[in-house]
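Come and read along with me.

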Amino acid sequence: MKLFILLGSLNAFLSVALGAFGAHYLKQKLTADKLEVFHTGVQYHMIHAIGLIVIALLAEKLGNSSLVNASGWAIFIGIILFSGSLYALSLTGLKFFGPITPLGGVSFLVGWVLLAIAALK
């Protein structure tokens, strides 16, 4: 589970860096709507980066099960798909990235459900 602590820490770092980038640089470059989309990506990025760290810490208590492991990977994939697509959508304006966002949201949901199931076992 050290991997999820590493992934969580790196993603938390990226979230802070991207948040600062948005607040200081993109604020002057993007419309208010696109900046809000970017901010949503940063917010979910940080929440789920912390989630990865929590999953890693809970793995010891719940047992390093395949459900806990799958939960961490689902959350990580969710960060890439959800936040990544929102960053790309806001920066490029390409509507192609819009349909990817819900896939990331579903991945987040799957990750949290898998963790809940692991806790119940």
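**Entry 1: aromatic pairs.** I searched the whole structure, which is a predicted model, and found nine aromatic pairs. One of them joins phenylalanine 38 and tyrosine 87, with 5.0 Å from centre to centre and 45° between the planes, and I noted it as tilted. I then looked up where the two partners lie: phenylalanine 38 is in helix H2 (residues 32-62) and tyrosine 87 is in helix H3 (residues 66-92), so their pair ties together parts that are 49 residues apart in sequence.

**Entry 2: buried or exposed?** I checked phenylalanine 38 and tyrosine 87, and both are buried. Next I turned to phenylalanine 96 and phenylalanine 97: their ring centres are 5.2 Å apart and their planes stand at 75°, so I wrote down edge-to-face, since that is over 60 degrees. Phenylalanine 96 has 59% relative accessibility, so I count this residue as exposed.

**Entry 3: a cluster.** I also found Phe38 and Tyr87 in one aromatic cluster, together with Phe21 and Tyr25.

**Entry 4: the whole chain.** I counted four helices and zero strands in the protein chain, and from the N terminus on I read the order as α-α-α-α. For 121 residues, a compact globule would have a radius of gyration near 14 Å; I found 15 Å for the protein chain, which agrees. Along the principal axes, the C-alpha atoms fill a box of roughly 50 × 25 × 15 Å.

**Entry 5: surface and contacts.** I noted that 38% of the 121 residues count as buried. The accessible surface comes to about 6,900 Å², and 73% of that belongs to carbon and sulfur atoms. Among contacts between residues at least 6 apart in sequence, I saw that 76% join residues at least 24 apart.

Methods:
Residues numbered from 1 in each chain as written. Predicted model: local features only at pLDDT ≥ 70, side-chain atom pairs only at ≥ 80, totals over all residues. Heavy atoms only, no water. Phe/Tyr/Trp six-rings, centres within 6.5 Å; stacked < 30°, edge-to-face > 60°. Helix = DSSP H or I, 4+ residues; strand = E, 2+ residues; numbered from the N terminus. Buried < 20%, exposed > 50% of the residue type's maximum accessible area, 1.4 Å probe, protein only. Rg over C-alpha atoms; globule rule 2.2 N^0.38 Å. Contact = heavy atoms within 4.5 Å. Areas by Shrake-Rupley, 256 points an atom, 1.4 Å probe, with all protein chains shown as cover.
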